[in-house]
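Colleague: Before I rely on any of the terms used for this protein, could we go through what lies behind them?

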Amino acid sequence: MRRFLARQLLPPGIDEEDVVQEVYGRLIEMPSLGDIRNPRSYMIGLARNIVLMHLRRARIVAIRSLEEMAETHFAADDPSPETQASDRQQLHLLAQAIASLDEPARSVFLLRAVDGLPYADIAHRLGLSENAVQKRHARALEQFMMLLGRDGNAPAHATPLQSQTCKASNDERA
């Protein structure tokens, strides 16, 4: 059996002598050895099975307990303070843009964008035709693009601060 194991390419972490000891341990635990017709083949088969068992166990990934997982510290998914400040500023600009809309367009936009209502329901609520609702929604979106600097000609600036920063960096290059 030792010659057989010596000829085999055992994976790292599996010692030939440990396999031999485990084979003898299993033989000792058997109630009777009388049923074994070819002891050499039987022991080599046991050795092969022990090596395969070790390989299977090595592939198993240990699962940590839930308590250990709770103690593990993960990086926060919270946005950075700069991102939070920028987002607040953009929300403020959006609120100003919505407030600047004329009343029918503002109601149409809010019902469509915030409530997610279809044009037909908005038309029914406001007592307008569906075509009028679509036109007012399109005008509201067009006004937003103009107010936020996205009319197709001007560069996209989400905030006045970013606009000033871009202008300053362009002045430095010139």
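Predicted model: local features only at pLDDT ≥ 70, side-chain atom pairs only at ≥ 80, totals over all residues.

Colleague: Why is serine 107 called buried?

Modeller: Serine 107, which lies in helix H6 (residues 103-113), has a relative accessible area of 18%; buried means under 20%, so serine 107 is buried.

Colleague: What makes the pairing of the side chains of serine 107 and glutamate 103 a polar contact?

Modeller: The side chains are joined at 2.2 Å, and a polar contact requires a pair of N or O atoms within 3.5 Å, one able to donate a hydrogen and the other to accept it; the value therefore falls within that cut-off.

Colleague: How do you know that the buried residues of helix H7 are on the same side?

Modeller: In H7 (residues 119-126), the buried residues are Tyr119, Ile122 and Ala123. They cover an arc of only 100° around the axis, which is why they are placed on the same side of H7. His124 and Arg125, on the other side of H7, are exposed, and exposed means over 50% relative accessible area.

Colleague: What covers the buried residues of H7?

Modeller: The cover includes H6 and helix H8 (130-147).

Colleague: Which residues is methionine 1 in contact with, leaving aside its neighbours within four places in sequence?

Modeller: Methionine 1, in the segment before helix H1 (2-7), is in contact with Val20, Val23, Tyr24, Met43 and Ala47, where contact means heavy atoms within 4.5 Å.

Definitions and conventions: Residues numbered from 1 in each chain as written. Heavy atoms only, no water. Helix = DSSP H or I, 4+ residues; strand = E, 2+ residues; numbered from the N terminus. Buried < 20%, exposed > 50% of the residue type's maximum accessible area, 1.4 Å probe, protein only. Arc of directions from axis to C-beta.
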